[in-house]
Amino acid sequence: MSVINEMKQLLGKFRLLRILLQICGVYLFCVLLHPLFFDADGVALIAMQVYGVAFAAAFIYICVLIPYAGVGIYMVVSFIACVLAYAFHAFGYQLSDELIYAAFQTNAEETGAFISSFFLFYVTGKLTLLAALFYFMRYLSGASRKMGVIRRLLCLSVASVAFLAIYLLPSTVFFRIKWEDPTINERIVRNFSPNNYRWHPFFSLPEQRPPFEPFMENYRLPFSDLKKLVQGIREYYTDLELHNVADDNSVATLDDEFICILVIGESVRADRFGLNGYARNTTPRLAQIPGLCNFSNMFSYGGSTEFSFRSIFTGLTMEEERVSRTSFVSILAKHGFRCCYYAENADDMTKTRLGDETIGKFLDERSTLKGSIKEVAETVLERISVSPAKHQFIILQNGTGHYPYSHDSAYTVFTPSQQADGADDDARTGLLNDYDNCIVAADAFMAELIEGVKGRNAVLLYVADHGELLGEDGKWNHGDSTNPYLRHVPAFAWFSDEYCSRHAGEVAEFQRIKDKPLVHGQIFKTVLRLCRIRTEAETNMDDFIRADVRQHPNNLPDSILRKIDAL
């Protein structure tokens, strides 16, 4: 006790020492919670760390000044930051709008796959240190002593203003800074203009790396654009005002009987799809089906299911800020199609607020199907066969491919497999093999569906919602839509012999454009085309055959556009 009393007397006597210890405490706070705190050089490193310490100091001081509830706020924020730090170290995740959307749509089963003994040790250990640090900082600040209400409110107001001002600096001030240095190569140096550096969830930063770019990347905080934040809140809490595209003039020239199946793959990237030339044959059964039309250059709208579904079903493109119309399902229902939605081992995306208004309310049936690949395929085919409807539209959300890459053991083709024997978790070899095995399982699922309807007038259209990161630049899973691996997705169309005989010219057109660059926003009109419906509903892009992505460059990052130009 005497040692503690001596320390108290020393700290009380030397005010400068107290301030230095406070700065060290804030610095430790940043080191514990910010995984990119040292990820820069020179001036950029100084700018990042000064900004980080100032931001953290304002936050900690606010928590210290708030009696009782302050420690709760501090610990909740610290817990969230610990989880995000772990996600970065383990999977390369960085906080973004899309990651937040993905977190809200993640179910308990998927979340459980991320929790391990190391995760618990990592988070618990850091939280213990952070809790001790809070009480140490509270003692150093003197706020534990009695402070008048007026003084406390004044200090709290000043700290809050400082906190908000610092939070908004990256999006309101820093990206406008002009950097000129004749000693640096002109090709590398670029001005911080709003067009180049304003945070946006769908576009990548320029490839050049000016001196402050690491600072900009690490402190481009989510929701830092107030206009976007207000728009998002308004969209979520106000009544949806969607134009029902079924009210627009549409003409149907339907065949006597027709079945259209739309399969939406989960987290499948194009370069791991066997039909696209992958070294491993991950699509052995599809490769044996004659006449299958593989679209080798399909690109997704975003890097998460929520955003991709909006584009696939409503034709949303980057020229629009948000969904303003219902999906093509409303038009199909108007013309007598029996529309069904089945989520296969995945979350039912039609049950979200927007999903229900755009898709769900126009469905005749929707359910989640559990079981093996063969069992789910047989269930779907049975429901198709017993339906008295002449025209059926089936939506299948295939969940195989989502982390933790679980699949039927019958499709364990590539070994060693983490799922089968826990192989190489550190090297991730087992995970990579399981991911490829998931595609083999999805291949079998689609082949079973095709086999079940090949004798009828039918079409099966497949497209993945987004890709997957498999260790590139230390990143795993998805949620970062600026990455080409998340935007380039597999897609194909299969036409039955009966459909080919009725619409040979159209099938030939699809074969002709199979290597043409395509995007999710074209699926709206493409589905209606396959179903023999012409509509006057206005969308920014036409179907696969008529629309040219090159006329809509904002839909793809520059890195992808350059690849497209080289085709």
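**Close-ups of a predicted model**

**View 1. Helix α15 passes helix α17 in a right-handed crossing.** Everything shown here comes from a predicted model. Who's touching whom? On the α15 side, the contact is made by Ile373, Lys374, Val376, Ala377, Val380 and Leu381. On the α17 side, look for Ala441, Ala444, Phe445, Glu448, Leu449, Gly452 and Val453. Sort that contact by class and you get 10 nonpolar, one polar and two charged residues.

**View 2. Here are the axes of α15 and α17.** Helix α15 covers residues 373-386, while α17 covers residues 429-453. Their axes come within 9 Å and cross at roughly 30°. Angles under 35 degrees count as roughly parallel, so that's the label for how α15 and α17 lie relative to each other.

**View 3. Arg502 sits in helix α19, which spans residues 497-502.** Is Arg502 buried, exposed or partly exposed? With a relative accessibility of 36%, Arg502 is partly exposed. Setting aside its neighbours within four places in sequence, Arg502 is in contact with Asp255, Asp256 and Asn457. Take Asp255: along the chain, Asp255 and Arg502 are 247 residues apart, yet their C-alpha atoms are separated by 8.9 Å.

View 4. How many disulfides does the structure hold? The count is zero. In case the word is new to you, a disulfide is a covalent bond joining the sulfur atoms of two cysteines.

Notes: Residues are numbered from 1 along each chain as its sequence is written. This is a predicted model: local features need pLDDT of at least 70, side-chain atom pairs count only at pLDDT 80 or more; totals for chains, interfaces and linings use all residues. Side-chain values use heavy atoms; hydrogens and water are left out. Axes are lines fitted to C-alpha atoms, for helices over the stretch in contact, and angles run from 0 to 180 degrees between N-to-C directions. Helices (H or I, at least four residues) and strands (E, at least two) are DSSP runs, numbered from the N terminus. Angles under 35 degrees count as roughly parallel, over 145 as roughly antiparallel, 65 to 115 as roughly perpendicular and the rest as oblique. A crossing is left-handed if the near helix is turned anticlockwise from the far one by less than a right angle, and right-handed if clockwise. Contact means heavy atoms within 4.5 Å. Ala, Val, Leu, Ile, Met, Phe, Trp, Tyr, Cys and Pro count as nonpolar, Asp, Glu, Lys and Arg as charged, and the others, Gly among them, as polar. A disulfide is a pair of cysteine sulfur atoms within 2.5 Å. Buried means under 20% relative accessible area, exposed over 50%, partly exposed in between (1.4 Å probe, protein chains only).
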